[in-house]
Amino acid sequence: MLKEGKNESIHCTIRNCENHAKNEDYCALDKISVGTHESNPTNVECTDCESFKNKTW
Ligand code: SF4
């Protein structure tokens, strides 16, 4: 649930993302999608936030 422009259920440090809450390390979306670019994901590096949107500065 969004509270003051941040979703406290989704901690995130990707400040390069357009969806980041900016002042605090949370996502500002209601929900995100997580996926993988691997055929057989075995560690954290195999996972991706598919809701990432490159920030236009
Ligand atoms: S969309 Fe993904 S990468 Fe972007 S702020 Fe939200 S959780 Fe972080």
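Predicted model: local features only at pLDDT ≥ 70, side-chain atom pairs only at ≥ 80, totals over all residues.

Trainee: Where in the chain is Lys6 placed, and which residues does Lys6 touch?

Mentor: Lys6 belongs to strand S2, which covers residues 6-11. Setting aside residues up to four places away in sequence, Lys6 touches Met1, Ala21, Glu24, Tyr26, Cys27 and Ala28.

Trainee: Is Leu2 buried, partly exposed or exposed?

Mentor: Leu2 counts as partly exposed, because its relative accessibility is 37%. Leu2 lies in strand S1, residues 2-3. With residues up to four places away in sequence left out, Leu2 touches Asn7, Ala28, Leu29 and Asp30.

Trainee: Where is Asp25, and which residues is Asp25 in contact with?

Mentor: Asp25 is in the loop between S2 and strand S3, the latter being residues 26-27. Apart from neighbours within four places in sequence, Asp25 is in contact with His11, Cys12, Thr13, Arg15 and His20. Asp25 is partly exposed, because its relative accessible area is 25%.

Trainee: What may be said of the chain as a whole?

Mentor: The protein chain has 0 helices and 5 strands, and its pattern along the sequence is β-β-β-β-β. Its C-alpha trace spans about 40 × 25 × 15 Å along the principal axes. Of its 57 residues, 23% count as buried. Among contacts with a separation of 6 or more, 25% are between residues 24 or more positions apart.

Trainee: How should I read a phi angle?

Mentor: Most residues other than glycine have a negative phi. In this model, Glu4 has a positive phi of about 50 degrees although it is not a glycine. Lys22, likewise a residue other than glycine, has a positive phi near 75 degrees.

Trainee: Where do Glu4 and Lys22 lie, and how exposed is each?

Mentor: Glu4 is found in the loop between S1 and S2; with a relative accessible area of 71%, Glu4 is exposed. Lys22 lies in the loop between S2 and S3 and counts as partly exposed, because its relative accessibility is 40%.

Trainee: How is empty space found?

Mentor: Rolling a probe the size of a water molecule over the atoms shows where empty space is left. Here, the largest pocket holds about 170 Å³ of space.

Trainee: Where does the ligand sit, and which residues surround the ligand?

Mentor: The ligand sits in the largest pocket. The residues that surround the ligand include Ile10, Cys12, Cys17, His20, Cys49 and Phe52. This shell divides into 9 nonpolar, 3 polar and no charged residues.

How values were computed. Residues numbered from 1 in each chain as written. Heavy atoms only, no water. Near = heavy atom within 4 Å. 1 Å grid on protein atoms, 1.4 Å probe; cavity = no way out; pocket = protein on both sides within 12 Å on 5 of 7 lines; lining within 4 Å. Sits in = over half its atoms within 2 Å of the grid points. Nonpolar A, V, L, I, M, F, W, Y, C, P; charged D, E, K, R; others polar. Points joined across faces, edges and corners; volume = space filled by probe spheres on them. Helix = DSSP H or I, 4+ residues; strand = E, 2+ residues; numbered from the N terminus. Contact = heavy atoms within 4.5 Å. Buried < 20%, exposed > 50% of the residue type's maximum accessible area, 1.4 Å probe, protein only.
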